[in-house]
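Student: I've got a new model open and I'd like to know where its labels come from. Can we go through it together?

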Amino acid sequence: MKGKSLVVGMKFENFRVYREALRDYCVRNGFDVEYIMNESGRITVTCKNQNCKWRLYASAIQNTTIFQIKSLKGEHSCAKTFNNKLAKSNYIAKILEKMIRDNPHVINDQLWNAINRKCGVEVSSVKVSRARREAIDKIVGLESMQYDLLWDYCETVRARKPGSLILLRMKEDVEPPTFDKMYMSLHVMKQGFLSGCRPIIGLDGCFLKTLFGGQLLVAVGRDGNDNMVPIAIAVVQVENYESWKWFLSGLLEDTGGMDSASKWTFISDR
């Protein structure tokens, strides 16, 4: 719905989705509205500028929660405003969520520029800070819930992908136990490497740019066409001797055990 016009006949899942679409439309087009009627079954809004004759009415389709725009009268004749009260912190947080997820350390000035560029609205630094906190709280909450699902994910992989090796380790010296590291090599990945690649394994690691941080370790092979073939990956807290030892132990178990180590050539940046 982002950036689309509101037209008669347009349908929405429910009144909450409609209200969000209406707010986004008004913010991006630079005008504020007044709710003449604001119920779960019907919503009527007009432009706050009394000289403007724009009026929009939408209501629920009978016996459903689906909201539909029923009538749209008049056109906006008022000038665009860049200080829109509809652009509240929860709205801004949704707009900036992806940007903050990709770079949790982004500065507020960049966030302000982003909201101004995307929505054409100017907001205070206080509102940007509040929106940032709301976005981070949502991201942390969502990612924490995803960590809670890791045990089920591992069991599903083992059940659906026989021959895969997936290891999950927890920090048990804290309460409740928290994620420490994870190793994964799907059966098809290692079989592809063993059956069609050169006896060369490339190793590398990189930072994970998330709120929880960590390092991604990876092992890749090369096939006859010089294409990279992933073999295994691991997520660890830090890149050090112990984490690499743990990762390579799982990798060697996947590729024939310690006795087969001598037939591989390992390449890394260290």
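Tutor: Let's start with what a contact is: two residues count as touching when they have heavy atoms within 4.5 Å. Keep in mind that this is a predicted model. In the protein chain, residues 24 or more positions apart account for 52% of the contacts with a separation of 6 or more.

Student: Why are β1 and β2 said to stand at the edges?

Tutor: Look at the order in that open sheet of five strands: β1-β5-β4-β3-β2, with antiparallel pairing. β1 (11-12) and β2 (33-38) each have a single partner strand, so one side of each is left without a neighbour in the sheet.

Student: How do you know that β1 and β5 pair?

Tutor: Pairing takes at least two bridges. Two bridges join β1 to β5 (residues 67-73), so the pair meets that cut-off, and the strands run antiparallel. In one of those strands, β5, Q68 is the bridge partner of K11.

Student: Why is S59 called buried?

Tutor: S59 is in strand β4. Buried means under 20% relative accessible area, and S59 has 7%, so it counts as buried.

Student: What makes the S59 and K70 side chains a polar contact?

Tutor: The cut-off for a pair of N or O atoms is 3.5 Å. The side chains of S59 and K70 make their contact at 2.8 Å, so the distance falls within that limit. Besides K70, S59 touches G41, R42, I66, F67 and Q68, leaving aside residues up to four places away in sequence.

Student: S89 and R130 touch, so why is S89 called buried and R130 partly exposed?

Tutor: Set each against the cut-offs: under 20% is buried, over 50% is exposed, and partly exposed is in between. S89, in helix α2, has 11% relative accessibility and so counts as buried. R130, in helix α4, has a relative accessible area of 35%, which makes it partly exposed. S89 also touches K127, A131 and E134, not counting residues up to four places away in sequence. With E134 there is a side-chain polar contact at 2.8 Å. As for R130 and M145, they are 15 residues apart in sequence and 23 Å apart in space, C-alpha to C-alpha.

Student: Which residues touch the most other members of the largest nonpolar core?

Tutor: That core has 39 residues, and those touching the most other members are L6, F12, Y18, L22, W54, L56 and I69. Two or more residues come from each of α1 (15-29), β3 (42-47), β4 (55-60), β5, α2 (89-102), α3 (108-119) and α4 (125-148). Take Y18: not counting residues up to four places away in sequence, Y18 touches F12, I43, L56, A58, F67 and I69. A second, separate core has 20 residues, including C197, A219, F247 and L252. In soluble globular proteins, nonpolar side chains tend to be buried together.

Student: What makes β6 and β11 edge strands?

Tutor: This is the open sheet of six strands, ordered β6-β7-β10-β9-β8-β11 with mixed pairing. β6 (165-171) and β11 (265-267) each have a single partner strand, so one side of each lacks a neighbour in the sheet. The twist averages 20° from one strand to the next.

Student: How do you know that β6 and β7 pair?

Tutor: Seven bridges join β6 to β7 (residues 178-185), antiparallel, and the cut-off is at least two. L167 stands opposite Y183 in β7. Helix α5 (residues 150-160) packs on the sheet, touching β6 and β7, and its direction makes about 160° with that of β6. Helix α6 (residues 187-196) lies across β6, β7, β8, β9 and β10, at about 135° to β10.

Notes:
Residues numbered from 1 in each chain as written. Predicted model: local features only at pLDDT ≥ 70, side-chain atom pairs only at ≥ 80, totals over all residues. Heavy atoms only, no water. Helix = DSSP H or I, 4+ residues; strand = E, 2+ residues; numbered from the N terminus. Axes fitted to C-alpha atoms, helices over the stretch in contact; angles between N-to-C directions. Core = buried A, V, L, I, M, F, W, Y, C linked by side-chain atoms within 4.5 Å. Buried < 20%, exposed > 50% of the residue type's maximum accessible area, 1.4 Å probe, protein only. Polar contact = N/O pair within 3.5 Å; in protein donor to acceptor, adjacent residues only side chain to side chain.
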